[in-house]
Each structure stands twice: as structure tokens, then as C-alpha cells.
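Visitor: Could you walk me through this model? I have some questions ready.

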Amino acid sequence: MNVSTTFGEDPAAMARRWLDAGARRLHLVDLNGAFAGKPVNEPAIKAILKEVGDEIPVQLGGGIRDLDTIERYLDDGLSYVIIGTAAVKNPGFLRDACTAFGGHIIVGLDAKDGKVATDGWSKLTGHEVVDLAKKFEDYGVEGVIYTDIGRDGMLSGINIDATVKLAQALTIPVIASGGLSDIADIERLCAVEGEGIEGVICGRAIYTGDLDFAAAQARADALNGDA
């Protein structure tokens with residue numbers, strides 16, 4: 001039995017909510033697209049871009065498998081396209097995307113115990129996440145989103161050690177993801193920002209209320225001297 005939780009019926013209104021709360025970048029995932037291998041929720045994505053695309057950078061992953069899709073999304077106002085499974089299975093596609101759309105391509109690497117997973121986390125590969133990230137850095141990706149799939153959605157805390165290890169191996173920024181649960185996680189990440197960690201994706205915790213997003217952003221700003 002597949003069980004899902006819906007936190008809002010109006011994606012554009014939800015995007016406005018997080019922008020008003022102080023978000024610096026909006027992270028979108030076409031979950032249906034990730035499993036279908038092609039875009040599924042384009043109307044909702046376009047509505048979000050129409051609502052906030054001129055005010056905040058927006059990045060999107062899920063179901064992006066060809067250059068035409070990337071071009072269409074960027075033309076719609078998307079700032080960054082996240083390539084995950086397709087990058088691992090077809091590195092040539094990622095290289096071509098970086099060549100054609102330099103500055104707009106982020107690679108999403110999902111891993112468990114240091115090994116990369118694909119296909120919505122359903123398949124564990126033999127690739128070491130650090131080795132693959134360094135290879136993709138050479139292709140020209142703008143950054144890496146690193147998700148610890150053993151923690152994502154579990155509110156069990158960010159895997160700081162693994163995230164720092166990856167960031168130290170690269171010269172491009174790393175965005176942490178998976179398991180963010182409270183202000184303490186924000187403080188721990190801010191303490192290692194200098195290692196190359198650009199930010200963190202706040203997902204389930206801000207929808208369940210476990211993390212007050214506005215308070216978390218304010219705390220990060222204070223620690224980084226941006227307040």
C-alpha cells in the first residue's frame with residue numbers, strides 16, 4: 001500500500017508563503033515525474049514560477065531526462081535544473097546539459113552509506129558519492145545537492161559528517177538535504193559553512209511544524225552575520 005501526505009492543495013500559494021517567510025531559494029521536486037521519467041506536474045510548476053519566479057531563484061528536479069525539457073523549464077523562468085538519476089545512468093546527458101546550459105545545472109546525488117541511489121531511491125548503485133561528485137564537477141555542474149536517503153523525511157537530523165566530507169572533496173557548493181529536524185541542525189550546518197556548504201533544503205519539518213522556517217532563517221542569518 002502506498003501512503004502519501006498532502007500538505008497543501010495550492011502550490012503557488014505555498015511558494016508565496018515560504019518567500020514571505022524569508023526563503024532565499026525555492027526547491028521543487030516533481031515527485032510523479034521522478035518515477036515516470038518525464039515531467040508530470042508542469043502546470044503546477046508554471047503556476048509557481050508565475051507567482052514567485054521574478055522574486056526568488058527556483059530550482060527543480062524530477063523527471064528531467066532530455067535537453068528539450070531543460071530548455072523549456074529555463075524559458076519558463078526556472079533558475080536551476082536538478083539532474084539526478086539521469087546523471088548517474090547517462091553521464092553524457094549531464095555533460096551535454098552543462099555545455100548547453102552552463103550555470104543552470106545542479107546535480108542531485110542521493111546516497112546511503114556513501115553509495116549513490118537512483119530511480120527515486122529504489123536502486124542502490126556501486127558508485128561512491130564522492131567519486132561521482134568529483135566527476136560531475138569536472139563536467140561543469142553549478143553545485144551538488146546531497147541527500148542522505150536513510151534520513152530524508154525521518155526528521156532524524158542532517159548527516160553532517162557525510163555532507164562535510166563531500167563538500168571538502170569539491171570546489172563547487174554543496175546543498176545539504178535529508179533529515180533536517182530542528183534549529184540545532186541549522187546551527188551545526190552554519191558551523192561548517194566554510195567547508196563549502198551553501199545551504200540546506202527544508203522539507204517535511206517545515207510542513208509538520210517541527211521547524212519554524214522563519215526562525216530558522218533568522219538564526220542562520222544571525223550566525224552568518226547577515227542579520
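Visitor: Which element gives the most to the lining of the second largest pocket?

Guide: H8 does, with three residues. Helices (H or I, at least four residues) and strands (E, at least two) are DSSP runs, numbered from the N terminus. On a 1 Å grid over the protein atoms alone, a pocket is an open set of points where a 1.4 Å probe fits, with protein on both sides within 12 Å along at least five of seven lines; lining residues have an atom within 4 Å of a point.

Visitor: Before we go on, what sort of model is this?

Guide: This is a predicted model; local features need pLDDT of at least 70, side-chain atom pairs count only at pLDDT 80 or more, and totals for chains, interfaces and linings use all residues. Residues are numbered from 1 along each chain as its sequence is written, and side-chain values use heavy atoms, with hydrogens and water left out.

Visitor: Back to that pocket. How much space lies in it?

Guide: About 150 Å³. Grid points are joined across faces, edges and corners, and the volume is the space filled by probe spheres set on the points.

Visitor: Which residues line the second largest pocket?

Guide: Asp113, Gly114, Glu128, Val129, Val130, Tyr146, Asp148, Asn159, Ala162, Lys165 and Leu166. H7, S7 and H8 each supply at least two residues of that lining.

Visitor: And by class?

Guide: Five nonpolar, two polar and four charged. Ala, Val, Leu, Ile, Met, Phe, Trp, Tyr, Cys and Pro count as nonpolar, Asp, Glu, Lys and Arg as charged, and the others, Gly among them, as polar.

Visitor: Asp113 is in that list. Where does aspartate 113 lie?

Guide: In the loop between strand S4 (105–112) and strand S5 (115–118). Aspartate 113 has a positive phi of about 55 degrees although it is not a glycine. It is exposed, with a relative accessible area of 74%. Buried means under 20% relative accessible area, exposed over 50%, partly exposed in between (1.4 Å probe, protein chains only).

Visitor: Now H8 itself. Which of its residues are buried?

Guide: Ile160, Thr163, Val164, Leu166 and Ala167, in a helix that runs over residues 160–169. Down the axis of H8 these buried residues fall within an arc of 160 degrees, so they line one face of the helix. The arc is that of the directions from the helix axis to the C-beta atoms.

Visitor: What covers the buried residues of H8?

Guide: The cover includes helix H7 (129–139), strand S7 (143–148), strand S8 (174–177), helix H9 (183–191) and strand S9 (197–200). Contact means heavy atoms within 4.5 Å.

Visitor: Take H9, then. Which residues are buried there?

Guide: Asp185, Ile186, Leu189 and Cys190. They cover an arc of only 135 degrees around the axis, which puts them on the same side of H9. They pack against H8, S8, S9 and helix H11 (213–224).

Visitor: Other end of the chain. Which residues of H1 are buried?

Guide: Ala12, Met14, Ala15, Trp18 and Leu19. The arc for H1 is 160 degrees, so they line one face of the helix. Their cover includes strand S1 (26–29), H3, helix H10 (204–208) and H11. Glycine 22 follows H1, with a positive phi near 110 degrees.

Visitor: What about glutamine 59: buried or exposed?

Guide: Buried, at 2% relative accessibility. Glutamine 59 is in strand S2 (residues 58–61). Leaving aside neighbours within four places in sequence, its contacts include Arg25, His27, Tyr80, Ile145 and Ile201.

Visitor: And the chain as a whole: how many helices and strands?

Guide: There are 11 helices and nine strands. The radius of gyration, taken over C-alpha atoms, is 17 Å, close to the 17 Å of the globule rule for 227 residues, so the chain is as compact as a globular protein of that length. The globule rule is 2.2 Å times the number of residues to the power 0.38.

Visitor: How much of it counts as buried?

Guide: 46% of the 227 residues.
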